[in-house]
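Good morning, colleagues. Please look at the sequence and the structure on the screen while I speak.

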Amino acid sequence: MSASFPILSAVQASEFARLGLTNIRREYPHYLQHMLNGPADARPPRELHPAFYGSYDWHSCVHQHWMLVRLSLMFPNLPERAEISRVLHEHLTAENMLAEAAYFQAPGREFFERPYGWAWLLKLAQEVRAYDAQLEVNMAPLVSYIRTGFMRYLRALTTPVRNGIHGNTAVAVALVLGHARAHDDQELKLFCTSRAAYWFGHDKDYPGHYEPSGEDFYSPCLVEAGLMARILPREQFLRWFDLFLPRLAQGQPANLLKPAKISDPTDPKIAHLIGLNLNKGWVWRRLAGLLDAEDPRRTLAIEAGAAHYAAALPLLDAQDFNRSHWLPSFAVYTMTE
């Protein structure tokens, strides 16, 4: 099975590292979502977010930081490793983390980047835990604020968000669950798993034939399946999956098995579909590993995963900032998670 899927090479890792280092220090162009409570709040990104001012927007900057940490951990001989360390210690200072945490506490900003940016911040903290103890200490105030807010958010969310973009609940919970397990945070872990079971445990015959929407970068269907695969024991998951996609063995819904067509990769919103193909490739890869060798769905999952990677990876253009500010971290996640 592994031969059908790409493996992140040292050369690719170095290319992605150089790109990430450039992006997280690139303040402009910047898409700023910012609550102005008065004229004094009209400030540039680097003043508002001294740690996460680059990479076009806050959440992209966070997951580009995550990418750099993961690459450093995975490739000890990475040529960019020393510079990554220097920049991370420059950005993730105690002072900067306190400033980032304070940003959320201003009127009207308590929902900033919820839940997507929050989830990626906790994913970054998960990676930093294995990377540098001082950086973990520095991040603690921001992590504490986000963790508490995420718990409050999940408690209040009566129905999950099922879109294919930033608000998707399954995506956020899956990212946060990894953080909770790495930190042995039993309260957060149990809350994530119980809420996921409550929201998704009874889903049947998911209408995957309606996917994708034209600007998706996640498959609502497959990220839900991926989350349930994380929280359920294998046999229980397979029983759930039988009901969730009951005609998968017959190749239905066909749209889930074939990559999205990218009509114009230079269009920032249409290029979201490149991320979608990476996401689908990763979930099919994960699901293939859970299916029995004689299960016809396993072959379909392997073929679909490989096809999605083949469609997505050639379109990661380092010269196009609309793609390069976020897609490399998606690629690293899908090839290494």
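First, a word on the basis. This is a predicted model, in which local features need pLDDT of at least 70, side-chain atom pairs count only at pLDDT 80 or more, and totals for chains, interfaces and linings use all residues. Residues are numbered from 1 along each chain as its sequence is written, and side-chain values use heavy atoms, with hydrogens and water left out.

Let me begin with empty space. Rolling a probe the size of a water molecule over the atoms shows where such space is left. On a 1 Å grid over the protein atoms alone, a cavity is a set of points where a 1.4 Å probe fits but cannot get out. A pocket is an open set with protein on both sides within 12 Å along at least five of seven lines, and lining residues have an atom within 4 Å of a point. Grid points are joined across faces, edges and corners, and a volume is the space filled by probe spheres set on the points.

How many cavities of 30 Å³ or more are there? The count comes to three. The largest cavity holds about 200 Å³ of space. It is lined by 17 residues, and those closest to its centre are Y218, V223, N279, W282 and Y333. Two or more lining residues come from each of α8 (169–182), α10 (220–231), α13 (272–288) and α16 (327–336). These elements are DSSP runs numbered from the N terminus, with helices (H or I) of at least four residues and strands (E) of at least two. The most is given by α10, with five residues. By class, this lining has 13 nonpolar residues, three polar and one charged. Here Ala, Val, Leu, Ile, Met, Phe, Trp, Tyr, Cys and Pro count as nonpolar, Asp, Glu, Lys and Arg as charged, and the others, Gly among them, as polar.

The second largest cavity has a volume of about 40 Å³. Its lining includes H30, Y31, D57, W58 and F112, and divides into four nonpolar, three polar and two charged residues.

Two helices from the lining of the largest cavity, α13 and α16, deserve a separate look. Two packed helices are described by the angle between their axes and the distance between the axes. How do α13 and α16 pack? Their angle is about 10°, with the axes 9 Å apart. Axes are lines fitted to C-alpha atoms, for helices over the stretch in contact, and angles run from 0 to 180 degrees between N-to-C directions. The two helices are therefore roughly parallel to each other, a term for angles under 35 degrees.

The largest pocket has a volume of about 590 Å³. Of its 27 lining residues, Y31, D57, H59, H166 and H272 are the closest to the centre. Its largest share, three residues, comes from α3, and the classes are eleven nonpolar, eleven polar and five charged.

In the second largest pocket lies about 180 Å³ of space. Of the 13 residues lining this pocket, E15, F16, L19, L316 and A318 are the closest to its centre. Helix α1 gives the largest share, six residues. The lining has six nonpolar, three polar and four charged residues.

Is R109 buried or exposed? At 6% relative accessibility, R109 counts as buried, which means under 20% relative accessible area with a 1.4 Å probe and protein chains only, while exposed means over 50% and partly exposed lies in between. R109 is placed in the loop between α5 (94–104) and α6 (116–129). Leaving out residues up to four places away in sequence, R109 touches H34, M35, N37, D41, Y103 and F104.

I231 belongs to helix α10 and is buried, with a relative accessible area of 16%. Its C-alpha atom is separated by 8.9 Å from that of C192, 39 residues apart along the chain.

G251 lies in the loop between α11 (234–244) and α12 (254–257) and counts as buried at 15% relative accessibility. G251 and L300 are 49 residues apart in sequence and 7.4 Å apart in space, C-alpha to C-alpha.

Technical notes:
Angles under 35 degrees count as roughly parallel, over 145 as roughly antiparallel, 65 to 115 as roughly perpendicular and the rest as oblique. Contact means heavy atoms within 4.5 Å.
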